[in-house]
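Here are my notes on the model you sent over. Have it open while you read, and go through the points in order.

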Amino acid sequence: MPDSLMYQQDNFVVLETDQPEQFLTTNELLDKLKLVLEKINVQDLPIDLQKFDSVDAQAQYLIDTSCELDIGLGKYFQWYAIRLEK
C-alpha cells in the first residue's frame, strides 16, 4: 500500500521564464497561477481550462492535474511538487 505522504502536495518549486526558481506553498502557488491566468485571453487557454467559470477553479484544476501552463512562444511556467523534509 502506498504511503499517503507520496500524494501530499504542500510545497512546490516554480520555474518561470527569466525568473529564479521559487519555492511556494500550495496557497502561494494558487495565487500565482491566478495572476498568470488572468493575463491570458480565455480563447488562448487550453480547452480543458475553458470549461471553468472562475480563475480559482482553473488554478485548482491545474494544480491537481498538471505541472505546466503554456504562456506563450518562448516562455514557460512550470511547477513541481516537492517534499522539504524527510
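Predicted model: local features only at pLDDT ≥ 70, side-chain atom pairs only at ≥ 80, totals over all residues.

1. Helices (H or I, at least four residues) and strands (E, at least two) are DSSP runs, numbered from the N terminus.

2. Residues are numbered from 1 along each chain as its sequence is written, and side-chain values use heavy atoms, with hydrogens and water left out.

3. Now the overall layout. The protein chain has three helices and four strands. Reading from the N terminus, the order of elements is β-β-α-α-α-β-β. Among contacts between residues at least 6 apart in sequence, 45% join residues at least 24 apart.

4. Take the β1 and β4 pairing next. Strand β1 (residues 11-16) and strand β4 (residues 77-82) run antiparallel and are joined by six bridges. To find your place, look for V13, whose bridge partner in β4 is Y80. As a general point, side chains in a regular strand alternate between the two faces of the sheet.

5. On its other pairing, β1 is joined to β2 by four bridges, and these two strands also run antiparallel. N11 has T25 as its bridge partner in β2. The hairpin of β1 and β2 has five residues between the strands, and D18 there takes a positive phi near 60 degrees.

6. Of the 86 residues, 27% count as buried, where buried means under 20% relative accessible area, exposed over 50%, and partly exposed in between (1.4 Å probe, protein chains only).

7. How many aromatic pairs does a search of the whole structure find? The search turns up two. Rings of Phe, Tyr and Trp (its six-membered ring) pair if their centres lie within 6.5 Å; planes under 30 degrees apart count as stacked, over 60 as edge-to-face and the rest as tilted. F52 and Y61 make a tilted pair, 5.0 Å centre to centre with 45 degrees between the planes. F77 and W79 have ring centres 5.8 Å apart and planes at 55 degrees, so that pair is tilted too. As for cover, F52 is partly exposed at 24% relative accessible area, F77 is buried at 0%, and W79 is buried at 2%.

8. Salt bridges: the whole structure has three, each being a side-chain nitrogen of Lys or Arg within 4 Å of a carboxyl oxygen of Asp or Glu. In one of them, E16 meets K32, with the closest N and O atoms 3.1 Å apart. This pair links distant parts of the chain, from E16 in strand β1 to K32 in helix α1, 16 residues apart. E16 counts as buried at 16% relative accessibility, whereas K32 is partly exposed at 22%.

9. Finish at K34. Its salt bridge with D31 has the closest N and O atoms 3.7 Å apart, and both residues lie in helix α1, three residues apart, about one turn of the helix. K34 is partly exposed at 22%, as is D31 at 45%. The side chains of D56 and K34 also meet in a salt bridge, 3.0 Å from N to O. That pair links distant parts of the chain: D56 is in helix α3 (residues 55-65) and K34 in helix α1, 22 residues apart. D56 is partly exposed at 44%. Through shared partners, salt bridges join D31, K34 and D56 into one network.

Definitions and conventions
Pairing = 2+ DSSP bridges. Contact = heavy atoms within 4.5 Å.
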